[in-house]
Structures are given as C-alpha cells and as structure tokens.
Amino acid sequence: MPELPEVETVARDLRPLITGATIVDATTLWGRTLRGITPDAFADGVAGRKIEAVGRRGKQLVIELSDGAFLTVHLKMTGQLFVVRQGGREDPYVRLVLALEDGREIRFRDIRKFGKIGLYGVHDADPFAAVGPEPLSEAFTVRAFRRRLRARKGRLKPLLLDQTFVAGVGNIYADEALWAARLHPLRTARTLRPADERRLWVAIRRVLAEAVIRRGSSIDDYTAPEGDGEMQEHLAVYQRTGEPCLRDRHPIRRIVVGGRATHFCSWCQRLPAADRAGARAILRTVSYPGRRAVPDRTRRAAATRQAAATRRAAARASARG
C-alpha cells in the first residue's frame, strides 16, 4: 500500500496538472469506490467546483475544492491517478472519472477495487481527526516524538504502523527506519533510552525524506502520474530476506508481526533481554533462506518485480491513449 512518500509524489505530480481546473462532471464506474456517498450525490457535489490545491494527509491524497469542500483519495493497494484527454482509450480498471472543463479528465484506476474516494464539505466532521502528526512537519520535533512515545508501551513495529501515533508510515518505511536506528521491531517503547528515541526520530524523518526525493518505492502497482519511483533500489532490509545486512553482512531475517511481514538484522538490531520472553513465540517463526536458497528466492523476487513493472507500464500506456 502506498505510504507517505508515494502519496506525496502523486500529490506533487498532480499539483501542476490540475490546480486551477474546474470539474464539470463525475462518472462513478464502481460504486464502492465512494466513501459514504452515492454516485449521484458525489457528481452533484463536485460539478462546477474549481480545484484550488492538491496535498496529502498521512497516506491519503487531499484535493481542495472551491467553497471549502475537499476530496480524499486513498489509493490502497492498486489505486492510480492519471490525467488524460477526454475520449481516450477505454480502460476496464478505471473506477471513477472526473471530467474537467478544459477537455481533460482525471481517472482513478484501481485493479483490486480497494481504493476509496470521499467528498467532504465545511460542515462535515474532519476525516483526519484521529490521524497522528506528520513526521516531516516542523512541529514533529524530537521532544514531541518523545512525549508520544513515552505514553505508549507496545512493540515498535506495530506502533509505527499505528496511524494515530504518527501519520503515513507503513510496512516498508517502518522496517527501514528501525534498521537505520538499530532497533529491533519487537522491542517495546518502554525499554528505549533517550538516545534510542532520538535515533528513531532521526531515522523516521531521514528515511521518509529520502523516499520522497526518490519518488517512493515502485515495488508492486504503485506509480505516479509522471512515472515510477526508485526507492525500491535503495532499501536496506525490506524484502531482502536472506541477503546480507548492509552494515555487518549477517543475513536479513523475516518474521510476521501483527500479520505484516517484518524484516530486520538480528545482529545489529538486538532485542533487549527484558523483551525476549514476551517475543519468544514470534521469534520461533523467524525465517531466512540458507545460502543455497537465496539465488532461487532472488530469481522469484525478480520475476515478481518484473510482473509488477509490466502492470505499471500497461497502466501508463492506457493513460496515454
């Protein structure tokens, strides 16, 4: 699922393309794409509104409209946004179309149909009321991070995935930040020392900032209006099970935490003794292929990446018409 860097890239690509454009109509081709509104009500609500800004909150795109209304777009696993001329090539995976006054249209493409689009007015409840702070904002200081961290007792990996704790961090960048901070994903927040807290704060911000610069990670179906990301070529642990750690050459290991694949180096991300007893059951499931199995796993991963790249190329070709 696209995380903060990927959604930020989509927002930055869309901003010069659609800011100032006026929506004249909306066609919903998969009703469940809409969040809490009917297709007719959605079309009536957006028609005639000008797009005033394009931004992001957490993992969702925010498109600000005239008169205080705004759209939220949650890409989920396979959501993609393209701006194309009207009357272009038909695409069976397009779920919603916003027709623009200038003859173009914004297409929401979503193979697996998990994505969601919402429309909110000035009198509606804030859909982001429960979302945590933005980790790249100036307000997200190490002091603010420590205050939030010390109010929690859970394990670090699930904590970083909790969108009420901090916005926009998902599976990829949680693993990367914990590796960069040399902290085990099963370590509990209560065992962190001040130096550990600062390292984690620095790592979260550095990893996310780098990923934004590199346009995110195009691992599966994620692509942006102006093309793929490249952060997937620079990941230290995510999906590198069995490969050598970039710091100490020990093999990267994989466990499942809260239903999410989690990657780490057991040598440089040591688990404190105080947390070992509680983590024993999860650690029994640790896996990493032996040296002979790594080439096979690498070939399978390469085939999977190639299949995803082919899907992304097909999506861009469809958008070009």
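Student: OK, so a helix here is a DSSP run of H or I with at least four residues, numbered from the N terminus. Which helix is Asp175 found in?

Tutor: Asp175 is in helix 5, which spans 171-180. Keep in mind that this is a predicted model.

Student: Is Asp175 buried or exposed?

Tutor: Buried. Its relative accessible area is 1%, and the cut-off for buried is under 20%.

Student: What does the side chain of Asp175 make a polar contact with?

Tutor: The side chain of Lys157, at 2.8 Å.

Student: And what else does Asp175 touch, not counting residues up to four places away in sequence?

Tutor: Besides Lys157, the list has Val237, Tyr238, Ala261, Thr262 and His263. His263 turns up again with Arg240, which touches that residue too.

Student: Let's go there then. Where is Arg240 found?

Tutor: In the loop between helix 6 (194-213) and strand 9 (253-257).

Student: What does its side chain reach?

Tutor: The side chain of Arg240 gets to the backbone oxygen of Ala236, at 2.5 Å. Leaving out residues up to four places away in sequence, Arg240 also touches Leu235, Leu246 and Ile252, along with His263.

Student: Switching to backbone angles. Which residue other than glycine has phi near 60°?

Tutor: Arg182 has that positive value. You'll find Arg182 in the loop between helix 5 and helix 6. With 42% relative accessible area, Arg182 is partly exposed.

Student: And which one has a positive phi of about 70° although it is not a glycine?

Tutor: Arg249. Like Arg240, Arg249 is in the loop between helix 6 and strand 9.

Student: How far apart in space are Ala11 and Ala69?

Tutor: They're 17 Å apart, C-alpha to C-alpha, and 58 residues apart in sequence.

Student: On to the surface. Which residues form a nonpolar patch?

Tutor: Met1, Met77 and Phe114 do, with about 280 Å² of accessible area together. Met1 sits in the segment before helix 1 (4-18) and is partly exposed, at 47% relative accessibility.

Student: Zooming out, how many helices and strands does the protein chain have?

Tutor: There are 8 helices and 10 strands. The radius of gyration is 21 Å, close to the 20 Å that the globule rule gives for 321 residues, so the chain is as compact as a globular protein of that length.

Student: What box do the C-alpha atoms fill?

Tutor: Roughly 60 × 45 × 30 Å along the principal axes.

Student: Last one: among contacts between residues at least 6 apart in sequence, what share joins residues at least 24 apart?

Tutor: 67% of those contacts do.

Terms used
Residues numbered from 1 in each chain as written. Predicted model: local features only at pLDDT ≥ 70, side-chain atom pairs only at ≥ 80, totals over all residues. Heavy atoms only, no water. Patch = residues over 30% accessible without salt bridge, like charges linked within 9 Å, V, L, I, M, F, W, Y side chains within 5 Å. Areas by Shrake-Rupley, 256 points an atom, 1.4 Å probe, with all protein chains shown as cover. Salt bridge = Lys/Arg side-chain N within 4 Å of Asp/Glu carboxyl O. Helix = DSSP H or I, 4+ residues; strand = E, 2+ residues; numbered from the N terminus. Buried < 20%, exposed > 50% of the residue type's maximum accessible area, 1.4 Å probe, protein only. Polar contact = N/O pair within 3.5 Å; in protein donor to acceptor, adjacent residues only side chain to side chain. Contact = heavy atoms within 4.5 Å. Rg over C-alpha atoms; globule rule 2.2 N^0.38 Å.
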